[in-house]
Amino acid sequence: MVTKSHETASPQLPLPGLAVAERQPAALHCGSVAPGQKVRYVGKVSGGPRFLSRGVVKQALRRKAIVDLDHGGTWHIPYYFLEMPEAA
């Protein structure tokens, strides 16, 4: 008996009328962030920084980064609320 394995490029079947889901960017972590690197805040927390604020990493800690958001102040932000800004 001969069997063939079929591998597809996408794990999701394309369906008519539905948009193809885009891949989410890889989550940042302490090994992927360095002091001086530009990041963007994507959290929506009451009393926190403004959504999509841009800043510079001052220090990369184990579970969070200390980020200077310029006019927004300096914040301790967990990595899951940060992403790399897109290139223009």
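Predicted model: local features only at pLDDT ≥ 70, side-chain atom pairs only at ≥ 80, totals over all residues.
I began with strand β3, residues 64-68, and found that 5 bridges join β3 to β4, the two strands running antiparallel.

I found 5 strands forming an open sheet with antiparallel pairing, and I wrote down their order as β4-β3-β2-β1-β5. The edge strands are β4, residues 74-78, and β5, residues 82-83, each of which pairs on one side only. As background I recorded that strands of a sheet pair through backbone hydrogen bonds, either parallel or antiparallel.

I then turned to the aromatic rings. Which residues do the ring pairs link into a cluster? I found that they are Y41, Y80 and F81, and the count of aromatic pairs comes to 2. For a further ring, that of F51, I looked up what lies over its face and found K44, at 4.6 Å from the ring centre.

My last entry concerns the surface, where I found a nonpolar patch formed by L13, L15 and L18, which together have about 330 Å² of accessible area. Of these I followed L15, which I located in the segment before β1, the strand of residues 38-41.

Terms used:
Residues numbered from 1 in each chain as written. Heavy atoms only, no water. Phe/Tyr/Trp six-rings, centres within 6.5 Å; stacked < 30°, edge-to-face > 60°. Lys NZ or Arg CZ within 6 Å of the ring centre and 35° of its normal. Pairing = 2+ DSSP bridges. Helix = DSSP H or I, 4+ residues; strand = E, 2+ residues; numbered from the N terminus. Patch = residues over 30% accessible without salt bridge, like charges linked within 9 Å, V, L, I, M, F, W, Y side chains within 5 Å. Areas by Shrake-Rupley, 256 points an atom, 1.4 Å probe, with all protein chains shown as cover. Salt bridge = Lys/Arg side-chain N within 4 Å of Asp/Glu carboxyl O.
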